[in-house]
Amino acid sequence: MALDEKLRWYGFWMLDGLRGSKVRKYYNQIQNSFKNGTSIAGTEEKIRKLIRHAVRTTKYYQDFGEDTPLSRLPVVNKDTFRQHYDDFLSQPYKNVKDNRLMSTSGSTGTPLTMVQNKDKIDHNTAGGIFLSAAGGYYIGMKEAFIRVWVNNVKKGRLQLLMENMIMMDSSHMDDDGVEQMLRQIEKKQVKCLVGYSSALEQISRYITRTGRDTSGFAVAAIIPISESMAPSLRKNLQAQFHCPVRAWYSNEENGIMGIQDAVEEGYHIDTESYYYEILKMDSDEPAKPGELGRIVITDLYNYAFPILRYDNGDTAVARKRVKNGRYKLYLSELYGRRSDLIYDCDGKALTPYIITNNMWDVKGVKQFRFIQEDAARYTLWLNGDRDEIDVDDIVGRIRPYLGERAQLTVEYVDEIPVLASGKRKYIENRWKAGEKR
């Protein structure tokens, strides 16, 4: 690390020490959890304590008994929070000065603002620092954050200086825009790239297509966020920048909850801060080991807005390791939102990587979106050089996964629209999953 980076790293911990070393304490707990596992008994006590608090201080849970088991509480989602927002607020924490408001991006609906108390904020900070370091990024390193910088998330000059960060806007990722980004990354000797997977993909495609020299770059870590990244893209970025690429599993309402394995595609979860249930796709029963299910989160430290059994819309296959009264949780497969899952003609869920991996090296393609229209009809939007794109090759790659009855239509478009948040959908399911075929 450069001198200014070291000063920021040590300066942060010195300031935390003057404030009672709370972040350091939580950092050490999370670090120990990742190494040795999380106490099962300790987690159960955290859950009981949170339920008692929610029953005593919120309207939403006031009719439940203080000893109600977690499994007997209702599963909630964003719509539940929107419809009963005031009922979820804990009375003792209302309007407390050191609370923090966190807003979701609203990519798939109306944005939602969540309240976090100071202890939750400190746990978030500790978890973020540890999981960043696991991916090769340390506080103080020169960082380029690549996303759409709308007004509610923009940072001021002083904050950017303190965080040693550069804001890079991904609204326009044409060749000129990408080249300008790369020049700044090289000139400023940026050590870490954090950004939407779709933006990082455009950078990688540009480097591959143009043969852009990356030997003068100082990038030591790449952390994709918000969108799934195809394994092929991850490998390509690692080769281009000669550094690890490890995605966070995170959202605005909870924080950074896990990090991708150094080698495999799965995610290690921060079980010190969050309790996960994987429930069946069509009921609130626990999914079987190895079965794809819905992620349901209990945030163990948010007392201002208790989040108990929160179905955040994501799906995963989980593997739990238990030893000596402690456990670790690993999401061996993480598919993202149920609305982004696709199904073959027989109703079997397919990993989106079937599409993204097969599209990665197709010549002439700049952007694409794969859409499931109904049980057996699919559409593939392509934006790129029509003279160079081999449609027959693309159909030959993808159609076998969809089934014999699949009808796959390819359409050319001038631009693939982005969501309001600036994220770009690769996969879209317009057909209601679960309807009878």
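Trainee: Which residue stands opposite Gly195 in E6?

Mentor: Ile146 stands opposite Gly195 of E6. Strands here are DSSP runs (E, at least two residues) and helices are runs of H or I of at least four, numbered from the N terminus. Two strands pair if DSSP finds at least two bridges between them. Strand E4 (residues 143-147) runs parallel to E6, joined by 4 bridges. On E7 (residues 221-225), also parallel to E6, there are 5 bridges, and Ala221 is the partner of Cys192. This is a predicted model: local features need pLDDT of at least 70, side-chain atom pairs 80 or more, while totals for chains, interfaces and linings use all residues. Residues count from 1 along each chain as its sequence is written, and side-chain values use heavy atoms, without hydrogens and water.

Trainee: Is strand E6 buried or exposed?

Mentor: Buried means under 20% relative accessible area, exposed over 50%, partly exposed in between (1.4 Å probe, protein chains only). In E6 (residues 192-196), 5 of the 5 residues are buried, so the strand is largely enclosed by the rest of the structure.

Trainee: How do I read an aromatic pair, say Trp9 and Trp13?

Mentor: Such a pair is described by the distance of the centres and the angle of the planes. Rings of Phe, Tyr and Trp (its six-membered ring) pair with centres within 6.5 Å; planes under 30 degrees apart are stacked, over 60 edge-to-face, the rest tilted. The structure holds 21 aromatic pairs. Trp9 and Trp13 have ring centres 5.9 Å apart and planes at 75 degrees, so they are edge-to-face.
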